[in-house]
Amino acid sequence: MIVRVSRLRIIFPVGLFLALFLDGSLSNVFAAHLFKYPYSSVLHLVLLWIIFAVFLDDRNDLSIGIWSAFAGLVFDWYYTGILGVYMVALPLVVYLSRQVKPWLDLNFLTMLMVYIINLTIVEAFVYIWYLIGKVMTSNLADFAVYTLGPTIAVNLALFVILYYPVRQLYLKVS
């Protein structure tokens, strides 16, 4: 019996860990611009790759939730040092995105809106997690102005740049 493996099953994890690597590398290379006091912009290429997978995988043969939990664990372990933050936040976003997917018309603006909402959910989740753990003590207004706003702006630009190439990749390999 011959089992045909979808090329997307190989491309997705490779792209996920490439995005994981680029999140840290690009943040390090552009640290002077991304983390210029008092502002801090967090790159979320992993989240971008996951959202593309949720909305562009028509066959639903990827284990996106499991892969996102594993990527979140690696992200927590290597970048934040606090286990559980992204390991919980990324699968949560996968779950929420899958719940709203059937009611959405999948086009550029819809996916952009969903990405911005998911980005806000992840950043708010991390903010609350860090407040509870007493890792940071900033107030909600400072978080919104100095972290959430710049983070959305940078990731919005990345989404616009990467949407069509990633969409074409998904359409080609699925």
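1. The buried residues of helix α6 pack against α3 (45-56), α4 (64-80), α5 (85-100) and α7 (140-173). Here, contact means heavy atoms within 4.5 Å. The model is predicted: local features need pLDDT of at least 70, side-chain atom pairs count only at pLDDT 80 or more, and totals for chains, interfaces and linings use all residues. Residues are numbered from 1 along each chain as its sequence is written, and side-chain values use heavy atoms, with hydrogens and water left out.

2. Helix α6 covers residues 108-132, which is 25 residues, and its first and last C-alpha atoms are 36 Å apart, close to the 36 Å expected at 1.5 Å a residue (the expected span being 1.5 Å times one less than the number of residues). Its buried positions include Met111, Leu119, Glu123 and Tyr130; buried means under 20% relative accessible area, with a 1.4 Å probe and protein chains only.

3. The chain contains seven helices and zero strands, where helices (H or I, at least four residues) and strands (E, at least two) are DSSP runs numbered from the N terminus. The radius of gyration is 16 Å, close to the 16 Å that the globule rule gives for 174 residues, so the chain is as compact as a globular protein of that length. That radius is taken over C-alpha atoms, and the rule is 2.2 Å times the number of residues to the power 0.38.

4. Along its principal axes, the C-alpha trace spans about 60 × 30 × 30 Å. Of the 174 residues in the chain, 41% are buried. Among contacts with a separation of 6 or more, 76% come from residues 24 or more positions apart.

Terms used:
Buried < 20%, exposed > 50% of the residue type's maximum accessible area, 1.4 Å probe, protein only.
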